[in-house]
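Student: I'm new to this one. Could you walk me through it with a few questions and answers?

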Amino acid sequence: MSLITSDMTVLDIVAKWESTQGIFQRYDTLAGECICCNALFDSLEKMAEKYSLDLDALLNDLETATSS
Amino acid sequence: MTISIDAKGLACPAPVLRTKEAIDTQSPGHISVTVDNDAAAENVSRFLTHSGFEVSVDTDGKTSVIEGNRPDGYVPGQGSTDPTPGADSDMDRAEHQKIMVMIASQAIGTGDDILGEKLMLSFITTLKEMGDDLWQLVLVNSGVKFAIEGSPVLDKIQELEEQGVHILVCGTCLTHFDILDQKKVGETTNMLDIVTAMQVAHKVINL
């Protein structure tokens, strides 16, 4: 069962799972800017749409980070 | 209880996380957070505002001190971590449109300034007819003057606020006109809040 869902905000996630910060930093390059600076209060879904990111891949990477 | 956090040298999301942890564990009535980058200042301000604090920011261009005061009686944990102004009432308005009206001048149209001002006053007075579809009224540039003491439509805007419309007033604009202390209605806001709210709105009307 997924712990992280697309309606959670970036802040919800990094506050609960510190290890996910590294994932967002990896995606900064694709986003073209610092996600945690500019989309901290956005839901994952909204943030992924904003930066044209692959939401499923992002969710998968975040899930992996929370379980490692 | 007063808490001071030195978050200089920390990149996002660390300043917000430190602020959140302090609020969650100590529930302070006053908090002071010092940061040294614009993104951290914006995010900490938004987070504190959403957490029920009245926020003021003092900056020298390099370092910003964000002061938050929370009135007695505030019940923590009633909000989400989505600080989009009005997010908490989204469910209440689920069956309605979310219309944002942005007013950026004292007059509607060009050609005759006196007529334009009359039209704008009439427009603001008539806004209530949008009913529950009117979600946010954003005042920027000289539009912020409608939110200060002596504004001919101050009572109309206050009525809208009482009816649940979120009134956002540009803080940079109030400071520019040196009327920050004269504001009588609405929440002092920043461009990040405005842009975020625009994304959420179903319709944005610019005047």
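Predicted model: local features only at pLDDT ≥ 70, side-chain atom pairs only at ≥ 80, totals over all residues.

Student: Let's start where the chains meet. Which helix of chain A gives the most to the side that touches chain B?

Tutor: The contact draws twelve residues from chain A and twelve residues from chain B. On the chain A side, α1 (10–16) and α3 (35–38) each supply at least two residues. The top contributor gives four residues, and that's α1(A).

Student: And what about the classes of residue on that side of chain A: how many are nonpolar?

Tutor: One residue there is charged and three are polar. The rest of the side of chain A that touches chain B is nonpolar, and the count is eight.

Student: Staying in chain A, at what angle do α2 and α5 pack?

Tutor: Two packed helices are described by the angle between their axes and the distance between the axes. Here α2 (residues 21–31) and α5 (residues 55–67) have axes 9 Å apart, and the crossing is right-handed. A:Gly22, A:Ile23 and A:Tyr27 of α2(A) meet A:Leu58, A:Asp61, A:Leu62 and A:Ala65 of α5(A). The angle is about 150 degrees.

Student: Over to chain B. Which helix of chain A do the buried residues of α1(B) pack against?

Tutor: Helix α1(B) covers residues 14–26 and reaches 18 Å from its first C-alpha to its last. Its buried residues are B:Pro15, B:Val16, B:Leu17, B:Thr19 and B:Ile23. Within chain B they pack against β1 (2–6), β2 (30–35) and α2 (38–50), and from chain A they meet α1.

Student: Which residue just after α1(B) takes a positive phi?

Tutor: Look just past the end of the helix, where a phi of about 45 degrees turns up. The residue that takes it is B:Ser27.

Student: Last one: what share of chain B counts as buried?

Tutor: Chain B has six helices and nine strands. Out of its 207 residues, the buried share is 36%.

How values were computed:
Residues numbered from 1 in each chain as written. Chains lettered and ligands numbered in written order. Contact = placed C-beta atoms within 7 Å. Nonpolar A, V, L, I, M, F, W, Y, C, P; charged D, E, K, R; others polar. Axes fitted to C-alpha atoms, helices over the stretch in contact; angles between N-to-C directions. Left-handed = near helix turned anticlockwise from the far one by under 90°. Expected span 1.5 Å × (residues − 1). Buried ≥ 20, exposed ≤ 12 C-beta atoms within 10 Å, placed from the backbone.
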